[in-house]
Amino acid sequence: DDLGVVHDLSHLSQRATDELLDLTDAPVIASHSNCRALLDRDAYPNARQRHLADATIREIARRGGVIGINLLSAFLDASLAPGQSAPLDRVARHIEHILSLTGDASVLGLGTDMDGGFAADRLPESIRRPADLGAIPNLLRSRGLDDVAVRGFASENWSRFWGTTRAPEK
């Protein structure tokens, strides 16, 4: 905290998340994580913990952080057969769950995880390259999110977060 490092909860176990949250009052992010409550416990036993518990989602929002939705199909719907792409509406389900817990669209962000860790065929249906990401804002509008919430998800919430997060003065 003294160095202004932003803590990213993605990839942390619940124990590590709880310990970190006990050690800092600073805003935290989950750059590319989804909602644990929406992932089947049996279909996804080992990696499920890397996603966010409802209490953690609420705490990220309370601190003014951002949660970036991960687009790996298995992280959107753990019941899929290997190699199957998640329907695009699974992205909206995670976003709507976060909104139901926080009532705050400013916590939402796009976290994709499209940086080369997996092939494009493991992304949701209709998304195979960055140019296809426009399908998500269109989906969110069709599900009732207003333009402010959609723009926030697409980029503005991350811009706000990084614009207000500063390294300490020397």
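This is a predicted model: local features need pLDDT of at least 70, side-chain atom pairs count only at pLDDT 80 or more; totals for chains, interfaces and linings use all residues.
Helices here are DSSP runs of type H or I, at least four residues long, and are numbered from the N terminus.

Just after helix 2, Gly64 adopts a positive phi of about 80 degrees. Within helix 2 itself, the buried residues are Thr56, Ile57, Glu59, Ile60 and Ala61. Their cover includes helix 1 (14–23), strand 2 (28–29), strand 3 and helix 4.

The buried residues of helix 4 are Val91, Ala92, His94, Ile95, His97, Ile98 and Leu101. Several elements pack against these buried residues: helix 2 (54–62), strand 3 (67–70), helix 3 (73–76), strand 4 (108–112), helix 5 (135–142) and helix 6 (147–164). After helix 4 comes Gly103, with a positive phi near 65 degrees.

Asp132 is found in the loop that runs between strand 4 and helix 5. The relative accessible area of Asp132 is 18%, and because buried means under 20%, Asp132 counts as buried. When neighbours within four places in sequence are set aside, Asp132 is in contact with Ser126 and Ile127.

How values were computed:
Residues are numbered from 1 along each chain as its sequence is written. Side-chain values use heavy atoms; hydrogens and water are left out. Buried means under 20% relative accessible area, exposed over 50%, partly exposed in between (1.4 Å probe, protein chains only). Helices (H or I, at least four residues) and strands (E, at least two) are DSSP runs, numbered from the N terminus. Contact means heavy atoms within 4.5 Å.
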